[in-house]
Amino acid sequence: MAEAHQAVAFQFTVTPDGIDLHLSHQAFTEIYLSGVRSWKKRIIGLKNSVITGVYPASPSSWLFVVIAILATMYTRSDPSMGLIAKIQEHLPVSQSMSNQCQTLVSAVLFSTLLWLLLIFTMRLCLKQLLSYHRWMFEKHGKMSTTTKVWVALVRIFSGRKPLLYSYQGSLPNLPVPATKDTVKRHLESVRPLMDDTEYERMTKLSAEFESSLGKRLQWYLKLKALWATNYVSDWWEEYVYLRGRSPIMVNSNYYGMDFMYVTPTPIQAARAGNSLHAYFQYRRKLNKEELKPWMLRSAVPCCSYQFERMFDTCRIPGTLTDTVQHWQDSDYIAVYHRGRYFRLRMYHAGRLLSPREIESQIQMILDDPAPPSTGEAKLGALTAGDRIPWAKARVKYFSSGVNKRSLDYIEKAAFFVSLDDEEQGGMADDPTRLDSYAKSLLHGKCYDRWFDKSFTVVYFKNGKMGLNGEHSWADAPVLSHAWQYVLSMDCFQLGYNAEGHCKGEVDSSLPRPQKLNWEIPPECEEQISGSLAVAQALADDVDVHVFAFEEFGKGKIKRCRVSPDAFIQLALQLAHYRDQGRFCLTYEASMTRLFKEGRTETVRSCTNESSAFVRALEGGEAADVCRRLFQEASEKHQHLYRMAMTGAGIDRHLFCLYVVSKYLRVESPFLKEVLSEPWRLSTSQTPLHVEMFDIVNYPEYVSCGGGFGPVADDGYGVSYCALGENVLNFHITCKHSCPDTGANKFGAQIGKALRDLLQLLCPNQTQVKKTEVKRPEVKKDL
């Protein structure tokens with residue numbers, strides 16, 4: 001019960017002489033500093049709320065308007081057309097003020113109202129401007145006059161120096177597509193997957209739905225779109241993520257990897273010291289809204305609401321549905337090591353610990369010889385198994401006493417940290433180690449990650465690190481932004497000394513990390529073992545392969561005048577056809593963050609055009625014919641991607657129509673069949689924020705991306721990213737239990753398809769062979 005005593009600010013005992021009172025000066029000092037820090041955050045939050053609330057104007061513009069009105073009145077003109085006089089007549093305190101003072105107050109009130117009206121008008125104009133998406137459908141480098149004028153107007157109405165959330169009030173709402181358009185696009189998307197008989201049956205189902213039930217469901221959906229900020233996002237979070245009762249490990253959570261070729265330091269505690277310090281610096285920028293809003297083409301803002309729950313957030317299990325809980329800024333992290341859980345405070349005396357001090361604290365945990373409590377070692381398996389048993393166990397065994405206190409420390413922490421005893425990471429002479437590295441990040445030992453936390457940072461014994469992200473609170477690009485910021489700051493700003501340790505000194509008065517205590521009964525241990533068995537079976541079934549394709553990258557693809565994403569997607573179609581002998585429904589994630597609270601939409605990459613191209617290439621058609629079909633397929637893919645980004649996708653609309661049908665308790669054979677279609681090829685592109693890295697001078701200092709588990713039991717999950725101009729990295733997952741799939745086999749097919757497509761498009765270009773370049777594995781300092 002040591003943690004209970006540490007939390008007491010004063011102690012007293014009753015003696016014959018009275019009450020003997022002992023005050024703790026240190027505890028009161030910490031309380032005072034915590035209060036100061038809390039009030040500073042409130043003041044900053046209030047200031048940012050004012051700045052964001054009046055954007056695209058600025059608070060100082062109010063003074064300009066007031067001065068302008070007063071100056072105009074000084075010239076004996078009335079810019080208000082009599083309104084100032086009307087305001088003066090109805091001032092409640094007019095009798096206690098002089099006439100001149102009344103006029104001044106009335107003018108200020110009129111100026112304020114005029115200023116607010118101007119802000120409202122500017123925001124409305126900006127919202128209308130941001131609803132224009134024709135620019136996205138224009139060919140790259142060929143901007144129409146209309147778009148040029150639009151860009152100029154957007155920049156005029158956008159104001160200057162926006163904060164992270166400045167554009168939130170000006171973003172348009174996600175539109176509801178017409179039912180007939182969605183049904184038509186769906187029929188087009190499934191045509192290459194069906195024979196004539198199946199397609200005719202689907203056509204009849206579609207026509208029946210569109211002419212009858214579809215109209216009724218669409219009416220309710222439009223009503224929601226008028227009322228709600230986003231007609232998709234809340235239902236998507238609730239029904240796709242939080243109501244899932246199967247394990248979130250592998251099925252929902254995803255992972256992110258460290259640098260592929262470089263390890264800044266081989267010292268585990270030192271790597272944790274720098275990166276944990278960088279995470280809290282990032283959180284500070286996030287709280288102050290100092291992060292720049294994401295902009296497309298440097299002019300079009302994207303929604304930033306997903307950033308709000310990055311830190312201090314945890315998914316809480318429930319029997320029917322989970323919930324996402326977000327708390328105020330925590331000043332500590334929860335750390336796991338060798339079966340023990342620790343609480344590590346990141347602030348002391350009102351300041352953030354330095355990297356060297358964090359390294360010292362982490363080293364104390366690594367050196368701590370205390371064994372785990374009974375049942376503690378594999379406690380995290382509860383978050384890896386099925387959700388209902390975890391929800392019941394949480395209520396029964398963790399709702400009071402020491403268990404509740406310790407669980408609160410974990411769930412309310414800024415994020416979770418796992419100190420791993422294994423060595424992981426890719427080596428230049430052994431690329432297959434990336435597969436083990438990815439599996440460790442995806443599921444670990446099934447009990448050494450807290451899969452419910454918004455994210456878990458994993459530090460390996462050799463200085464490598466990675467993360468595991470929970471998916472319900474936000475999509476991967478948001479967490480990827482923080483991850484790449486940490487990687488950049490770790491290497492290029494904080495650095496290490498000659499011995500590989502963090503720079504700086506250590507305050508000897510820092511308290512030790514606090515070990516959490518547990519009282520786990522035998523019945524709970526049985527539940528932990530049951531969850532672990534479920535999670536272990538799932539983890540053992542996952543096949544993962546990660547490889548870097550170094551023969552060429554997006555630079556050479558762009559020289560062929562092809563979109564790199566379309567090129568890779570068509571390569572995946574070709575590889576899958578060669579691997580499985582058939583086409584399949586393909587999922588490519590696209591964002592809808594051009595709209596308020598937008599998340600993702602699906603691009604159905606398997607199209608009539610792509611299947612025609614693959615058949616022609618595999619059928620031995622002439623190169624000119626294949627190139628023409630490739631161009632048509634590439635343009636079709638780009639068009640579908642743009643349609644998805646601009647709110648004209650298929651799947652989110654169909655999903656919401658299905659949810660409405662369930663609320664109304666009506667059955668739709670069409671929607672039931674559509675929502676049950678398996679995604680045997682699920683793909684996603686990992687964004688690389690190149691502004692954070694000097695790729696030209698330090699090409700090896702780029703993250704090798706991340707991946708996710710397969711969506712279908714007989715399918716593949718493929719994540720890819722472009723590392724600079726010359727390398728493409730792929731993360732492939734499938735299941736061992738399916739005899740027809742294999743991650744390494746599919747990886748080989750992808751490599752062959754990439755080479756074949758480049759040879760088809762650019763036959764005269766010299767093939768760049770993979771060269772044996774000795775890359776540094778450990779770089780202590782820059």
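Where does A349 lie? Select A349 and you land in the loop between β10 (347-348) and β11 (351-352). Phi of this alanine is near 55°, a positive value in a residue other than glycine. Most residues other than glycine have a negative phi. With a relative accessible area of 43%, A349 is partly exposed; buried means under 20% relative accessible area, exposed over 50%, and partly exposed in between, with a 1.4 Å probe and protein chains only.

Before moving on, some ground rules. You are looking at a predicted model, where local features need pLDDT of at least 70, side-chain atom pairs count only at pLDDT 80 or more, and totals for chains, interfaces and linings use all residues. Residues are numbered from 1 along each chain as its sequence is written, and side-chain values use heavy atoms, with hydrogens and water left out.

**Zoom out to the whole chain**

Show the protein chain as a cartoon: it has 24 helices and 22 strands. Helices (H or I, at least four residues) and strands (E, at least two) are DSSP runs, numbered from the N terminus. The radius of gyration is 29 Å, close to the 28 Å that the globule rule gives for 782 residues, so the chain is as compact as a globular protein of that length. That radius is taken over C-alpha atoms, and the rule is 2.2 Å times the number of residues to the power 0.38.

Of the 782 residues, 55% are buried. Among contacts with a separation of 6 or more, 78% come from residues 24 or more positions apart; a contact means heavy atoms within 4.5 Å.

Now colour by charge. There are 92 positive and 84 negative side chains, and the centres of the two sets lie 6 Å apart. Lys and Arg count as positive and Asp and Glu as negative, with His and the chain ends not counted; each charge is placed at NZ of Lys, CZ of Arg, CG of Asp or CD of Glu.

**The eight-stranded sheet**

Next, pick out the open sheet with the order β15-β9-β8-β12-β13-β14-β3-β20 and mixed pairing. β15 (514-515) and β20 (706-708) stand at the edges, each with a single partner strand, so one side of each is left without a neighbour in the sheet. Two strands pair if DSSP finds at least two bridges between them.

Select β12 (residues 416-419) and show its side chains. F416 and S418 point one way, V417 and L419 the other, and all are buried. On one flank, four bridges join β12 to β8 (residues 332-337), and the two run parallel; Y336 has S418 as its bridge partner in β12. Four bridges also join β12 to β13 in parallel, where the partner of S418 is V458.

**A set of parallel neighbours**

Select β19 (residues 681-685). Three bridges join it to β17 (residues 586-591), and the two run parallel; T586 has L681 as its bridge partner. β19 also pairs in the parallel sense with β21 (residues 716-723), over five bridges. There, T683 stands opposite V718.

**A helix and its cover**

Go to helix α10 (residues 233-242). Which of its residues are buried? They are S233, W235, W236, E237, Y241 and L242.

Jump to D312, in the loop between β5 (300-301) and β6 (313-316). D312 has a positive phi of about 55° although it is not a glycine, and it is buried, with a relative accessible area of 2%.

Then select V625 in helix α21 (residues 623-645). V625 is partly exposed at 27% relative accessibility. Draw a C-alpha to C-alpha distance from V625 to F613: they are twelve residues apart in sequence and 8.7 Å apart in space.

Finish at S737, in the loop between β22 (727-735) and α24 (743-761). S737 is exposed, at 53% relative accessibility. S737 and D540 are 197 residues apart in sequence, yet 9.6 Å apart in space, C-alpha to C-alpha.
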